[in-house]
Every structure is written in structure tokens, then in C-alpha cells.
Amino acid sequence: AVASALAGLRVVVSAGPTYEDIDPVRFIGNRSSGKMGFAVAEAAARRGAQVTLVAGPVALATPAGVRRVDVRSAAQMHAAVMAALPADIYVGAAAVADFAPAQAAASKIKKRDDRDGLVLELVRTRDILAEVAGHPQRPRMVVGFAAETDNVEGYARGKLARKRLDLIAANQVGREGGGFESDRNTLLVFGRDGSAQTLGPAGKGEVADGLLDVVERFWAASPG
Ligand code: C5P
């Protein structure tokens, strides 16, 4: 086997959803299974990288040779990712909540006969990916994900530029042949250099390997 360019590199991967607590029994979550990020972590470890996997609440086994840090909320994921720096490569595959309750209620919110509704105040979470890309210890490569229902290329390229990424891997959600809960996926990978390629449809393991092939090509071409 040819030695991988990733051998010995420090790779941080975020995966899974985040849960934002409303009260002690309720939360706001999303449908991310974590499978794509776990597949990337597993494939990177197989190539000899030192992998830290920051995982939201998922029911998945830890891939062989991977250091796993479990978190629940976007704020915890932010702290765990920042604590994992410096790194050579960051892959943000987590479906981080964009909004969280301004504060979690200390006790269970009760229904009231005098009110038909409930207003929750939500606040923006911090954008972990954008902060990693703008960090004084910026990894040489920062890779984002984008789940889109429409205008996949337009929105993905917008995020690539706005968040100052090297690569973004976009998947179309709400369609056959991939997405959050599936074992299969199709990724459209857009590069800072204007490149584009399609990976899959294939199993998430194969797609993860394809993504790491692209990462290796960019690594070889990037300054540092
Ligand atoms: O802007 P959007 O949420 O669509 O961007 C998705 C990408 O940004 C993913 O890589 C995700 O992990 C990352 N992200 C993040 N922190 C947030 C929101 C998104 O790291 N608060």
C-alpha cells in the first residue's frame, strides 16, 4: 500500500446532531445520524491520522483507533472542538443547531389552562466551523459540510467563501439516495480553487474515502 499523505496528521472531525435543552425533559434536536462524520473519522484513522472525533448524541460505536469526545449541545461542541486544536485538518460534519433556547428552564415547563401557546426565545449559536477557519491556530485545511434542500451548489459555494473553507461537501437532503439517516450518500464537493466533483451515490464509508482522496490532493497543493 502507498503511504497516505494523512499519516501522522492531527485530524479533528465533528459529527452528529446537537441537542439544545428547553427544560430537564425536552430539547431541540435534528435528524443527523452522525454516520457520515463517523465514516470520515474511521477512514482517516485507517490512513494513519491521529483522529479526534467530537460526537453529538448518536448511537454509534467508536471507530478503531479514534479518540472520541462526547458532547450534547452546540456550546459543548464548540468548547470540545476548540480544546482539540491545534490540528492539521478540521472536518465539520456535525449538524450543529443554529439556534438554542436563550436559557433552559430549571424545571419542567407546565401546560397552563389560561394559555393556548408557548413562546420560546431562541438565540444564535456560535458558528464552530467559521471560528475554526478564522482561528489564530487555523488548521491548514478546513472542510465543511452543507445539507441543502435546493440550490445545492449556490448555497454550498456561498458557505465555502463566507466561512473561508478549503472544501465543502454538500448533500441534498429530502431526496432518495442519501441524507441524514441513510447508510448511503451522494456528496458534491466544491473546492476553494473552483473545482467540483461528485462522490457516490455509494455507502458512506466509500464516500468518506473519496472525500479523503480529495483532501489529500488539496493537502499536497496547499501552502504550509
Ligand atoms: O451554515 P450551515 O449550518 O449550513 O453550515 C454547515 C456547516 O457549518 C457544517 O460543516 C457545520 O458543521 C458547520 N456549523 C458549525 N457551527 C454552527 C453551524 C454550522 O460548525 N453553529
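A residue is called buried when its relative accessible area is under 20%, exposed when that area is over 50%, and partly exposed in between. The exercises below apply this to a predicted model.

**Exercise 1. Decide whether Val71 is buried or exposed, and describe its surroundings.**

Step 1. Begin with the place in the chain: Val71 belongs to the loop that runs between β5 and α2.

Step 2. The relative accessible area of Val71 is 10%, and because buried means under 20%, Val71 is buried.

Step 3. Turn next to the neighbours, where residues up to four places away in sequence are not counted: Val71 touches Val54, Ala55, Gly56, Pro57, Gln76, Met77 and Ala80.

Step 4. For a contrast in space, take Asn151, which is 80 residues from Val71 in sequence and lies 31 Å from Val71, C-alpha to C-alpha.

**Exercise 2. Work out where Ser73 lies and which residues it touches.**

Step 1. Ser73 is placed in the loop between β5 and α2, and with a relative accessibility of 15% Ser73 counts as buried.

Step 2. When residues up to four places away in sequence are set aside, Ser73 touches Thr18, Tyr19 and Glu20.

Step 3. Along the chain Ser73 and Gly56 are 17 residues apart, while their C-alpha atoms are separated by 7.3 Å.

**Exercise 3. List the buried residues of helix α2 and find what covers them.**

Step 1. Helix α2 spans residues 74-84, and its buried residues are Ala74, Met77, His78, Ala80, Val81, Met82 and Ala84.

Step 2. The cover over these buried residues includes the strands β1 (10-15), β2 (20-23), β4 (50-55), β5 (67-70) and β6 (89-92), and it also includes helix α3 (128-133).

**Exercise 4. Determine how helices α1 and α5 are oriented to each other, and which residues make their contact.**

Step 1. The axes of α1 (residues 35-46) and α5 (residues 204-221) come within 8 Å and cross at roughly 60 degrees.

Step 2. The two helices, α1 and α5, are therefore oblique to each other, and their crossing is right-handed.

Step 3. On the side of α1, the contact is made by Lys35, Met36, Ala39, Val40, Ala43, Ala44 and Arg46, and on the side of α5 by Lys204, Gly205, Val207, Ala208, Asp209, Leu211 and Leu212.

Step 4. Sorted by class, the residues in this contact of α1 with α5 are nine nonpolar, one polar and four charged.

**Exercise 5. Identify which residues touch the most other members of the largest nonpolar core, and follow the chain around one of them.**

Step 1. The largest nonpolar core has 39 residues, and of these Val51 and Ile89 touch the most other members.

Step 2. With neighbours within four places in sequence left aside, Ile89 is in contact with Leu6, Leu9, Arg10, Val11, Val12, Pro139, Met141, Val215 and Trp219.

Step 3. Asp88 is found in the loop between α2 and β6, and with a relative accessible area of 16% Asp88 is buried.

Step 4. Not counting residues up to four places away in sequence, Asp88 touches Leu9, Arg10, Pro139, Arg140, Met141 and Trp219.

**Exercise 6. Locate the cis peptide bonds from Leu85 to Pro86 and between Gly200 and Pro201.**

Step 1. The bond from Leu85 to Pro86 is cis, with omega near 0 degrees, and Pro86 has its place in the loop between α2 and β6.

Step 2. Gly200 and Pro201 are also joined by a cis peptide bond, with omega about 10 degrees, and Pro201 lies in strand β12 (residues 196-203).

Definitions and conventions:
Residues are numbered from 1 along each chain as its sequence is written. This is a predicted model: local features need pLDDT of at least 70, side-chain atom pairs count only at pLDDT 80 or more; totals for chains, interfaces and linings use all residues. Side-chain values use heavy atoms; hydrogens and water are left out. Buried means under 20% relative accessible area, exposed over 50%, partly exposed in between (1.4 Å probe, protein chains only). Helices (H or I, at least four residues) and strands (E, at least two) are DSSP runs, numbered from the N terminus. Contact means heavy atoms within 4.5 Å. Axes are lines fitted to C-alpha atoms, for helices over the stretch in contact, and angles run from 0 to 180 degrees between N-to-C directions. Angles under 35 degrees count as roughly parallel, over 145 as roughly antiparallel, 65 to 115 as roughly perpendicular and the rest as oblique. A crossing is left-handed if the near helix is turned anticlockwise from the far one by less than a right angle, and right-handed if clockwise. Ala, Val, Leu, Ile, Met, Phe, Trp, Tyr, Cys and Pro count as nonpolar, Asp, Glu, Lys and Arg as charged, and the others, Gly among them, as polar. A nonpolar core is a set of buried Ala, Val, Leu, Ile, Met, Phe, Trp, Tyr and Cys residues joined through side-chain atoms within 4.5 Å.
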